[in-house]
Structures are given as C-alpha cells and as structure tokens.
Amino acid sequence: MPELPEVHALAVDLGARLAGRVVRRFDVLAFPALKTFAIPPESLVGRTVTGVARHGKFLDVTFEGEGPDVHLVMHLARAGWVRWRDGEPKSSARRGASAKNPLAARLLLEPDGAGLDVTEAGTKKSLQIHLVHDAQEVERVRTLGPEPLEPAFTLDVFRGILAAAGRAQIKGVLRDQATIAGIGNAYSDEILWAAHMSPFRPAAMTADESERLYDALQSTLRDAIARSEGLQASELKAEKHEGLRVHGRAGEPCPVCGTVIRQVIFSDTSLQYCPGCQTGGKVLADRVLSRLLK
C-alpha cells in the first residue's frame, strides 16, 4: 500500500506532469471504485489541471474550468497504483476491472493523449475514486489526524496523542489515520524498529520513550521522502522495497544486530519486527492479539 512518502512523491511527480494540461477524456472503468455520483466523470472534459496535492494517503488532483473547481481524490488502497503514459494508450479501455484487467480508471489529456492509468491488482478491490468540489467532502479526508511532518506536529502534540491512546497497542495507534495521517503497515514497522520498541507495547510511555519514538517517526518518514525525491511513479515501488529494513523481510537478518527478522500474521495483514532490537530477544506469538511468549 502506498503510504505518506510514496504518495508525497506521486503528488510531486504527477503535479509536474499534469499542471496546465487539459482533459480530453476521463473514464472510470471499475464502477465500484467510484464513490461519488453528483459530479459525473465526463464533467472533467475540457478542464485544466491546476495542481496535485496529498492528504494523508489520498491523492488530490484539482481541475479548473467553468463553474467551481473539481477535485479528483483517490485512495490507492493496498494494491492500487497510478501509471503515467507519454502518449495514446495502445489498447482501448474495457469496463470491469479484474485480476486480468487491473485498469480501474483512465485520464487522457490534450493534445497527444498522454495521461494516467489508475490500476488495482488482485481480486480484493478497495480503490477509491471521489469527484468533489472540495477534498474535505470526502469523509476519510475530513477525519484525518494531523500530518506528522508538518511543523505543528511537535513532540508535545505527539505525547498528547500517546497519552490519549493509553493502553492501546502502539502499532495500531501509528496506523490509525484518524490519529496520525499517512502512516501504514510498512512504515509503522520501520518506525518501531528504529525506536527499538515492540509493536504490541502500550502507547502510554515515559517522556524519554516518547521522544525516542517521535525522533524515529520523523527520521524514518523524512529519509523515505528524501530517497523518493525526483523519482518517477514507475520507480517508487522498487525504491520503497529497497529502503525497508524490517517490513517484508521476515527470515532475513536484521541489518543492525543480525537477529532473524520475525513476523506475526493476522487474518488480512502481517507485521515484521526484530526480536533482538525490539523485544529483548523474545519472539512474539504468531496469533491475533499476541502477547510476548513466556
């Protein structure tokens, strides 16, 4: 799933490509992905792209034209992605996205037919496409927590979030989009590894611990953004995987202490961690709501 660093890089890359371009056509091919109906997709035709922004893990493309601006707000979910085309597509778009036909939406621009293909792999379809006059009309955008890299997200603000979460597991607190915007499964693993904390420890912690976790959050996200700066959309997935140190690396040695990286598998997701760096050498039981093995 694209998280804050990748969506930030997508917004920068696409903003440079799209700004000032005029829409020739916009087709939503995976009908369940379209979550709004007041503004039809064809209403983008003839409008000009004025910018691309990010809200948490949401992309926000703004179009101006006759009447109020229109925002194309997309959440790429677990298996969605955006691909840039330099010219006309080689094949016509077919409705009904599937595992064999992952194309969910297509944007064509004047004058050469260049544009975006929005895809979603796999059979579980969770991609979201919203057409609204204001991004805040999308409930999950409106209810996002603070952006963790904004100046207003201070250590004191972070400590307040942790205190309010109390005994809740810190992994879940970091991933909760209504609490902190933009951090998902991968970067929460990376942040907790950098902070030397178990994913299952309570959010309430000492002042020294909260400062260590805050610093790990800041450095992990900022380093990921720095690595992705200047990359094209097609390069971001590979860069993310290359930059991860524990997430997705179960069975490999920890790059710091050499301990074998372990994982806990849940019904629809998993987490990875280093027992040597994070749990005092103890292995977490691989079951839902696991506690440290005794």
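Visitor: Which residues lie nearest the centre of the largest pocket?

Guide: A pocket here is an open set of points on a 1 Å grid over the protein atoms alone, where a 1.4 Å probe fits, with protein on both sides within 12 Å along at least five of seven lines; lining residues have an atom within 4 Å of a point. The largest pocket is lined by 35 residues, and those nearest its centre are Met1, Glu3, Arg78, Asn185 and Ala186.

Visitor: Which element gives the most to the lining of the largest pocket?

Guide: This is a predicted model, in which local features need pLDDT of at least 70, side-chain atom pairs count only at pLDDT 80 or more, and totals for chains, interfaces and linings use all residues. Residues are numbered from 1 along each chain as its sequence is written, and side-chain values use heavy atoms, with hydrogens and water left out. Among the elements (DSSP runs numbered from the N terminus, helices being H or I of at least four residues and strands E of at least two), β5 (80-85), α4 (170-175), α5 (185-194), α7 (233-243) and β10 (270-273) each supply at least two lining residues. With four residues, the one that gives the most is α7.

Visitor: With which residues is Leu18 in contact, leaving aside its neighbours within four places in sequence?

Guide: Leu18 is one of the residues with the most contacts inside the largest nonpolar core, which has 38 residues; such a core is a set of buried Ala, Val, Leu, Ile, Met, Phe, Trp, Tyr and Cys residues joined through side-chain atoms within 4.5 Å. Helix α1 (residues 4-18) gives the most to this core, with six residues. Taking contact as heavy atoms within 4.5 Å, the partners of Leu18 are Val49, Val52, Val61, Trp84, Leu107, Leu109 and Leu116.

Notes: Buried means under 20% relative accessible area, exposed over 50%, partly exposed in between (1.4 Å probe, protein chains only).
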